[in-house]
Amino acid sequence: VIPEGYDIHELTAADAPGLAAAYRRNREHLEPWEPAREEDFFTDEGQAAAVDTQLVAVGNGLVVAWVLTHGDLVVGRVNLNNLIMGVLRSASVGYWVDADHQGRGLASGAVEFVCAQAQGRGLHRVEAGTLLDNDASQRVLERCGFEYYGTAPRFLFIRGAWQDHRLYQRILHDRPLTPG
Ligand SMILES: CC(C)(COP(=O)(O)OP(=O)(O)OC[C@H]1O[C@@H](n2cnc3c(N)ncnc32)[C@H](O)[C@@H]1OP(=O)(O)O)[C@@H](O)C(=O)NCCC(=O)NCCS
């Protein structure tokens, strides 16, 4: 459940200025956990271009992207990335929450919401990877029923290096795939 006072909606081009402002406010907060960003990423124009690129991926069925808001303010994001159908039926969940809005259950509510959406979209499994020392993110995943299934060495390029990640998955259901 998304906590009271907060909303979630699917990403649109109109979100770009609010996202740029949120990324500027949260630059230091997100820097340890996210890929390195060009200066451009923090400008309204750069964010408009980034959102356009993401909306192409959404249109191609590879990504579903949501934005978390508090009134007019963008206070976080959650994504289903790398959607794969076929016999895998899986996606990776990614998320962040504004530094000033942490600890209120927003990330947990958003991840829960996205798991329900994933199931509604025919997925069987959702996965996530965290840096070894990202205790808050690991706690979010545990709260949302994900299980740790191993550590992948040199998994993602974060903070200038290929970093080991703890991998988590949540199986959404056990229904067989219908043929076709
Ligand atoms: C990780 C993040 C999304 C959590 O957002 P949030 O809205 O504060 O999360 P929630 O309020 O739903 O839950 C946070 C849980 O983590 C716990 N937590 C917070 N900081 C913690 C820490 N340093 N060590 C251990 N647990 C911690 C909270 O106590 C809470 O668990 P509880 O409800 O059992 O007490 C947010 O801190 C963030 O955006 N971090 C930077 C970006 C990031 O790491 N994204 C994920 C990449 S995998």
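Which residues line the second largest pocket? They are V87, R89, Q119, G122, H124, H173, R175, P176, L177 and T178. This is a predicted model, and its ligand sits in the largest pocket.

**Around the ligand**

- The ligand is surrounded by 21 residues, and the closest are Q102, G103, S108, R139 and R143.
- Sorted by class, this shell holds nine nonpolar, eight polar and four charged residues.
- Four helices and strands each supply at least two residues of the shell: α2 (27-30), β4 (90-97), α4 (106-120) and α5 (135-143).
- Of the contributors, α5 gives the most, with six residues.

**Backbone contacts and cover**

- At G103, a backbone N or O atom lies 2.7 Å from an oxygen atom of the ligand.
- V97 likewise places a backbone N or O atom 2.8 Å from a ligand oxygen.
- For G105, the distance from a backbone N or O atom to an oxygen atom of the ligand is 2.8 Å.
- On its own the ligand has 960 Å² of accessible area, and the protein covers 71% of it.

**The largest pocket**

- The pocket that holds the ligand contains about 1400 Å³ of space.
- Its lining is made up of 49 residues, and W33, E34, G94, Y95 and W96 lie nearest the centre.
- By class, the lining of the largest pocket comprises 25 nonpolar, 17 polar and seven charged residues.

**The second largest pocket**

- About 190 Å³ of space is found in the second largest pocket.
- Its lining divides into three nonpolar, five polar and two charged residues.
- R89 is one of the lining residues here, and R89 also turns up in the next group.

**Backbone angles to look at**

- R89 is not a glycine, yet its phi is positive, at about 55 degrees.
- You will find R89 in the loop between β3 (73-84) and β4, and β4 is one of the elements that supply at least two residues of the ligand shell.
- R159, another residue other than glycine, has a positive phi near 50 degrees.
- The place to look for R159 is the loop between β6 (147-158) and β7 (161-171).

Definitions and conventions:
Residues numbered from 1 in each chain as written. Predicted model: local features only at pLDDT ≥ 70, side-chain atom pairs only at ≥ 80, totals over all residues. Heavy atoms only, no water. Near = heavy atom within 4 Å. Polar contact = N/O pair within 3.5 Å; in protein donor to acceptor, adjacent residues only side chain to side chain. Areas by Shrake-Rupley, 256 points an atom, 1.4 Å probe, with all protein chains shown as cover. 1 Å grid on protein atoms, 1.4 Å probe; cavity = no way out; pocket = protein on both sides within 12 Å on 5 of 7 lines; lining within 4 Å. Sits in = over half its atoms within 2 Å of the grid points. Nonpolar A, V, L, I, M, F, W, Y, C, P; charged D, E, K, R; others polar. Points joined across faces, edges and corners; volume = space filled by probe spheres on them.
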